[in-house]
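Here are some notes to read alongside the structure. Have it open and follow the points in order.

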Amino acid sequence: MSDYSEIAARFADHRMTVLHEDGLYRHLRFEETAVSPFGRYPFELITWPFNLVVKAGWTFHFDINATEDMFDLFRRTAHTGQINPGYWQEKVRAGREEIEGYDPDLLKAEVASTLAQWMRDDLAERIWEQAKTQGFNPEVLDSRPSLRKWLSHQIRPEWMAANRELRETVHEHFFSDMAAYNIEFESDAHQALADFSYRPEGYDGPYPYYFADWTEWRLKDYTPGFLHCCYAIRRGIDLWDAARKQAEVAA
């Protein structure tokens, strides 16, 4: 799972106040014990049988018919101090629209990955064509790495120039200050992907470069609000458990 240590650190110095406790009916408030360098992040946990609500600037309501004490659900599905957003999101009854959101960094990563694949495919095609022009049977390339390396050295300048142009075209379309799209917005990102096509100079065929499968890309990730609330729940339960253990020892 991704490292969300910066979010987890927000809850390192919280104390718990029990506003109400009657079996599984709980209302707990958590807040910093002192001024935190991470800011102020108070939150509340409210539980009743089969239900839990977290209020931490964002509000999510979790429920599951199979678990009467919802604290048990979060305990057994993640290690102490850790979260399991992939599983926990399935239990959200209210607030589902806040679980995931568009992330432009995911778009940048997908574009970069596709661009790298295009470059690899183009290199392979150029080596193939160079082998044929020099009378080599292309089928022997896999069995003769030295031949492939030699041919690659021959076509490398042209390949690097062609792919430099491709990279510049992609950058200008998506990421330059003069781009017609603002990829910080999901609708603009989708339009930019749909509109992109590139024909290298001298190429007479159909557009060889376009994002054919972009609709299958994962461009959404967990929102900061959902991750924040997941860590709030985990930290609140850990503090609750520590308080119960301390009370048992004292008794």
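1. On a 1 Å grid over the protein atoms alone, a pocket is an open set of points where a 1.4 Å probe fits, with protein on both sides within 12 Å along at least five of seven lines; lining residues have an atom within 4 Å of a point.

2. A word on the source. This is a predicted model, where local features need pLDDT of at least 70 and side-chain atom pairs count only at pLDDT 80 or more, while totals for chains, interfaces and linings use all residues. Residues are numbered from 1 along each chain as its sequence is written, and side-chain values use heavy atoms, with hydrogens and water left out.

3. Back to the largest pocket: what lines it? There are 16 lining residues, and Asp122, Arg126, Pro200, Tyr203 and Tyr209 lie nearest the centre. Helices H4 (104-133) and H5 are the elements that give two or more residues to this lining; helices (H or I, at least four residues) and strands (E, at least two) are DSSP runs, numbered from the N terminus. H4 gives the most, with five residues. By class, the lining has eight nonpolar, two polar and six charged residues. Here Ala, Val, Leu, Ile, Met, Phe, Trp, Tyr, Cys and Pro count as nonpolar, Asp, Glu, Lys and Arg as charged, and the others, Gly among them, as polar.

4. Look at Tyr209 again, this time for its ring. The whole structure has 16 aromatic pairs, meaning Phe, Tyr or Trp rings (the six-membered one in Trp) with centres within 6.5 Å; planes under 30 degrees apart are stacked, over 60 edge-to-face and the rest tilted. Trp118 and Tyr209 make a tilted pair, 5.0 Å centre to centre with 55° between the planes. Trp118 sits in helix H4 and Tyr209 in the loop between helix H6 (186-195) and strand E8 (220-222), so this pair ties together parts 91 residues apart in sequence. Trp118 is buried at 11% relative accessible area, and Tyr209 is buried at 12%; buried means under 20%, exposed over 50% and partly exposed in between (1.4 Å probe, protein chains only).

5. Why is Cys229 not in a disulfide? The closest cysteine sulfur, in Cys230, is 7.3 Å away, too far for a bond, since a disulfide needs two cysteine sulfur atoms within 2.5 Å. The structure holds zero disulfides. Cys229 is buried, with a relative accessible area of 1%, and Cys230 is buried with a value of 1%.

6. Is Ser152 buried or exposed? Ser152 is buried, at 13% relative accessible area. Its place is in helix H5 (residues 145-174). Leaving aside neighbours within four places in sequence, Ser152 is in contact (heavy atoms within 4.5 Å) with Leu123 and Ile127.

7. Last stop, Asp103, in the loop between strand E7 (100-102) and H4. Asp103 is partly exposed, at 22% relative accessible area. Its C-alpha atom is separated by 7.8 Å from that of Glu184, 81 residues apart along the chain. Beyond its neighbours within four places in sequence, Asp103 is in contact with Leu219, Lys220 and Asp221.
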